[in-house]
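Take a look at the chain shown here. Keep it in view while you read.

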Amino acid sequence: MPKKRYLVAILISLNLYATAQKNWVSQKFDDKLTIAFPAEAKKVSESTYIARDSTGTVFGVVVVPIDKNSFLEATSTDSLLTRIKFLDVVVGGIKAKMPKYAIGDIKVNQVNNMKTYSLEGINEENKSTVYINIFLLNDISYSLTCFVTAGISTANKDFFFKGFSISK
C-alpha cells in the first residue's frame with residue numbers, strides 16, 4: 001500500500017509540473033532569443049523584461065550588447081579573453097547591485113547547447129534565493145534571472161532556465 005501511495009504522489013507531482021508550464025508565453029527578444037515566461041514579460045528598462053508567476057516568483061531577462069572595445073587590451077584581439085573580462089565585470093556588477101544576497105562563485109554549465117555561467121545567491125534577511133544564468137552569443141550577453149521566495153518550489157525556475165531557444 002505505501003508503494004502505491006508513493007507512485008500516486010509521483011504521478012500527481014509530474015502532472016502538476018507539466019500543467020504548470022502549459023500556459024507559458026513564448027516571447028522573442030531579438031532576432032536570436034526566444035524565452036518562455038509564466039506570463040507576458042513587461043519591459044522595465046531599456047534591456048530588462050520581467051514577469052511573475054502565481055507564486056510570486058520573479059523571472060527576468062536582460063539583453064546587453066557587448067562592447068568589445070571596452071574589454072580588449074591594446075595588444076589582444078582574443079575573443080575568449082574579451083568574454084572572460086566581460087563576465088568578470090558583469091559578475092562584479094551583479095554582486096555590487098545585490099548586496100543583501102550572498103552570491104557564490106560562477107559555475108559553468110551546458111544548457112540547450114549553450115555554455116552558461118550560473119550564479120546563485122541567498123538573502124538571509126528574507127530567505128529568498130536568486131538564480132542567474134548568463135550566456136553569450138556573438139556580441140550579446142543574455143542574463144536569465146529568477147527570484148524564488150523560501151518554501152516555493154523551484155520547478156518553474158528550472159523550466160524557465162531550460163525554456164529558451166536560439167535561432168540560427
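This is a predicted model: local features need pLDDT of at least 70, side-chain atom pairs count only at pLDDT 80 or more; totals for chains, interfaces and linings use all residues.

Residues are numbered from 1 along each chain as its sequence is written, and side-chain values use heavy atoms, without hydrogens and water.

**The chain**

The chain holds four helices and 11 strands. Helices (H or I, at least four residues) and strands (E, at least two) are DSSP runs, numbered from the N terminus. Of the 168 residues, 38% are buried (under 20% relative accessible area, 1.4 Å probe, protein chains only). The accessible surface is about 10,300 Å² (Shrake-Rupley method, 1.4 Å probe). Carbon and sulfur atoms own 56% of that surface. Residues 24 or more positions apart account for 42% of them.

**Strand pairs**

Two strands pair if DSSP finds at least two bridges between them.

| Pair | Bridges | One bridge |
|---|---|---|
| E5 and E10 | eight bridges | Val 64 with Ser 141 |
| E9 (128-137) and E10 | nine bridges | Tyr 131 with Cys 146 |
| E7 (107-111) and E8 (114-123) | five bridges | Val 108 with Tyr 117 |

E10 pairs with E5 and also with E9. E10 is mostly covered, with seven of its nine residues buried.

What happens at the turn of the E9 and E10 hairpin? Two residues lie between the strands, and Asn 138 takes a positive phi near 55°. The hairpin of E7 and E8 also has two residues between its strands. There, Asn 112 has a positive phi near 50°.

**The largest pocket**

A pocket is an open set of points on a 1 Å grid over the protein atoms alone, where a 1.4 Å probe fits, with protein on both sides within 12 Å along at least five of seven lines. The largest one has about 620 Å³ of space, a volume filled by probe spheres set on the grid points, which are joined across faces, edges and corners.

Its lining has 22 residues (an atom within 4 Å of a point). Which lie nearest the centre? They are Val 62, Ile 94, Lys 97, Ser 143 and Thr 145. E4 (48-52), E5 (58-65), H3 (79-97) and E10 (140-148) each supply at least two lining residues.

By class, the lining has 15 nonpolar, six polar and one charged residues. Nonpolar means Ala, Val, Leu, Ile, Met, Phe, Trp, Tyr, Cys and Pro; charged means Asp, Glu, Lys and Arg; the others, Gly among them, are polar.

Methods:
Buried means under 20% relative accessible area, exposed over 50%, partly exposed in between (1.4 Å probe, protein chains only). Contact means heavy atoms within 4.5 Å.
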